[in-house]
Amino acid sequence: MIQVENLYKSFGDLEVLKEVDLEIEDGETIAIIGRSGSGKSVLMKHLVGLLKPDQGRVLVDDVDIGEIPYEELREIRQQFGVLFQGGALFDSMTSFENIAFPLEYFTTMSDDAIRDRVHECLDLVRLSDVGPKKPSELSGGMRKRVALARAIALEPRYMLYDEPTSGLDPETSNTIDELISQLSEELSVTSVVVTHDMHSVFSIADRAAFLHNCHLHWVGPVNDIHGQPDETLDRFVKANEYHVGDPLRATATQRGQP
Amino acid sequence: MHACPFSRDLTLNDPRPVADRLLAPFYTLGRYILLLTRAFTSLDEVRTYWGNLVTQMVRIGIDSLPITALAAAFSGAVLTVQTAYQLETSFIPNTIIGSIVVPSMMLELAAVITGFILAGRVGARIAAELGTMRVSEQIDALEAMGLNSISFLILPRVLAGIIMFPVLYVAACLIGIGGGVLIGSAGGFLSAQEFIDGARQFFKPFDPFFGLIKSFTFGFIITSVACYKGYYTSGGAEGVGDSTTEAAVQSCVFILIADLLLAVTLL
Ligand SMILES: Nc1ncnc2c1ncn2[C@@H]1O[C@H](COP(=O)(O)OP(=O)(O)OP(=O)(O)O)[C@@H](O)[C@H]1O
Ligand SMILES: [Mg+2]
C-alpha cells in the first residue's frame, strides 16, 4: 500500500502540489489524470523518493520513505518498476542490454535465463526484433515500449507508468493498455498510471485521481467520473473525448464502461 | 539525503542574499565532498562496478594514449631544441641538455600536459555523459531501480582516472624523452648517448615519483570535478553545455593550483 499524506512540493516560487492525500491499495490500478503541467510526474516521482516532499510524507507499506536510511530506501525501490515519461533508456546500451540491466544487477539469473526473459518482455510490448538497436535508432513510441519492457522485467510489486500510451498509435495503445491490465490481474501488481488519455483510464483503471490547481481535485472510481457535478472534472473529461474521434479507441471506451 | 539536484550554483542574477552568495563556494565544496563520500561508501558487490571500471579505464587510459603521446613527443622535442638553443653560445657540455630536459619532463611537463589535454578530453566527456544522463532522467531511472547511482557512476570513473593517469604519465615521460633524443640526433646537435648520459648524471629517483604523485592527483581532480559537474547538471541541453565547459575549465584551474601546492610542499 502506498500512502501520500498532506504532501506539499514547490520548485522555487512555483507551487506544484499542495495538501495532496492519496491512498493506493494493494492490487488496484489508479490513474492520475490532469492537465499538462499539473504535477502528475512530480507526484509520481515522490512515490519512489526521487523527489522529497517539502511537507508531508509518503508511506510504502507503512514505512515513511523520507525517514529511512538510503540503503533501506534502495531496497524498497527494488519492488518498483518505473516507466519514465521520456523512457529514460540508457543510451549507451542497446535495447536488449537496457532490459537485461536490472536482471543482471538484481538477480542471480544465468545469461540464458536473462536472454529468455528479455525476449519475453520484448514480445509483451510487441517489439521482438529491436533488441540489438540503440535507443537513438528507435522511434519515440518504440523507446517508450522498450522502457516499459525494462520496467516490468523484474516483475515488480508496484508499477508506475508515466504516460505509457502517449505518442503511440491507437492499436499499439490498446496493446499496452491490455498489457497493463494483464500485469495487474495476473501478477496482482499495484499500478499507478499517469495519463492524459481518458480512454486508457476507462479501460484499465479502477480509480482515478484528478490533479488540478496543485490539489487533488477529485478521487473516485472511474465509473463515477461521468455525471459528476464537478465542472472542472467534467470539462477535462469532455475535452479529452472530443479530441479522440478514433473508432479503435472508442471501442476501448465502451469496454471500460459497463 | 541527496543534496537538491535542482538548485543552480551561483549565477549572475542570483536572487539570494549576499551572505548566501558568499557562502556558495563552501556550499559547493561541501556538496562535492559529500558526493565523493557517497561514491565510495554504501557499496554493492564488486561485480556492480567491475564492468564499468574496465570500460572507463579503456576510455580514459587507452583511448587517450595517442593524443598524450603526440603532445609529449612534441614538447619533448621542442624542449630539447630550445634548451640546446639557450645553451648554444656557452662552453657547457652537451650532456647538460639531457640533464635539463629529462627532469623537466618528469617533474612538470609530462604530468601537466597530460592533465591539460585530459581535462578537455576526459573531463568534458564525463561531464557531458553524466549531464545528459541527468537531464534525460537516466540517473533517476538508476535510482528508481534501487541502485546507488552515485557510486555506480562515479566510483568507476574516479578510480579509472587515478589508475590510468599515472600510466599515461609514464608513457608521456618516455615518449617525451624519446622525442628529445630523436630531434637531437636528427638535427645533429646532440647524440643519443650524450642525451642519456646527461639524464643519468643528475637523475634523482624522487623526480619520477613526484611526477607520479602529480599525475595521480590530476587524475583525481579531473574525474571527480567532471563527475560533480555532470551529476548535478540541470536545465536541458544548455545545462549539459555549461557543465561540460565548467568541468574542463575548472579542472585546469585546480590542476594549476594543485601543481603549485605539490611543488611547494614536496620539493
Ligand atoms: N525538476 C524540476 N524543477 C523545476 N520545476 C519543475 C521540475 N519538475 C517539474 N517542474 C514543474 O512542475 C510542474 C509540474 O510538472 P510535471 O512534470 O509534474 O507535469 P505533468 O503533470 O507531468 O505534465 P505533463 O502531462 O506535460 O507531463 C511544471 O510546471 C514544471 O515546470
Ligand atoms: Mg509528466
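## A tour of chains A and B

Select A:Ser188: this residue comes after H6(A) and has a positive phi, near 40°. Helices (H or I, at least four residues) and strands (E, at least two) are DSSP runs, numbered from the N terminus.

Before moving on, some ground rules. This is a predicted model, where local features need pLDDT of at least 70, side-chain atom pairs count only at pLDDT 80 or more, and totals for chains, interfaces and linings use all residues. Residues are numbered from 1 along each chain as its sequence is written, chains are lettered from A and ligands numbered from 1 in the order in which they are written, and side-chain values use heavy atoms, with hydrogens and water left out.

**Stop 1: helix H6 of chain A**

Step back to residues 170-186 of chain A. This is helix H6, with 17 residues. From first C-alpha to last, H6(A) reaches 24 Å, close to the 24 Å expected at 1.5 Å a residue. That expected span is 1.5 Å times one less than the number of residues.

Now look at the start of H6(A). A side-chain oxygen of A:Asp169 comes to within 3.1 Å of the backbone nitrogen of A:Glu171.

Colour the helix by burial. Buried means under 20% relative accessible area, exposed over 50%, and partly exposed in between (1.4 Å probe, protein chains only). Buried residues of H6(A) include A:Thr172, A:Asn174, A:Ile176, A:Asp177, A:Leu179 and A:Leu183.

**Stop 2: A:Lys40**

Select A:Lys40, in helix H1 (residues 40-47) of chain A. A:Lys40 counts as buried because its relative accessibility is 4%. Its side chain reaches the backbone oxygen of A:Arg35 at 2.9 Å.

Show what surrounds this lysine. Contact means heavy atoms within 4.5 Å. Leaving out residues up to four places away in sequence, A:Lys40 touches A:Glu163, A:Val194, A:His196 and A:Leu211, among others.

Then pick A:Cys121. A:Lys40 and A:Cys121 are 81 residues apart in sequence and 26 Å apart in space, C-alpha to C-alpha.

**Stop 3: chain B as a whole**

Chain B has nine helices and zero strands. Its C-alpha atoms fill a box of roughly 70 × 45 × 30 Å along the principal axes. Of its 267 residues, 49% count as buried. Among contacts in chain B between residues at least 6 apart in sequence, 83% join residues at least 24 apart.

**Stop 4: where the chains meet**

Bring chain A back. The contact takes 24 residues from chain B and 28 residues from chain A. About 2200 Å² is buried between them, with carbon and sulfur atoms giving 57%. Buried area is the accessible area (1.4 Å probe) that two parts lose on being put together, summed over both.

Three salt bridges are counted between chain B and chain A. Each is a side-chain nitrogen of Lys or Arg within 4 Å of a carboxyl oxygen of Asp or Glu. Select A:Lys45 and B:Glu137, which form a salt bridge with the closest N and O atoms 2.6 Å apart.

Next, select H5(B). This helix gives the most to the side of chain B that touches chain A, with seven residues.

**Stop 5: B:Ser149**

Finish at B:Ser149, in helix H6 of chain B. B:Ser149 counts as buried because its relative accessibility is 0%. Beyond neighbours within four places in sequence, its contacts include A:Tyr70, B:Leu142 and B:Ile154.

A polar contact of 2.7 Å joins the side chains of B:Ser149 and B:Tyr231. A polar contact is a pair of N or O atoms within 3.5 Å; within protein, one must be able to donate a hydrogen and the other to accept it, and residues adjacent in sequence count only if both atoms are side-chain atoms.
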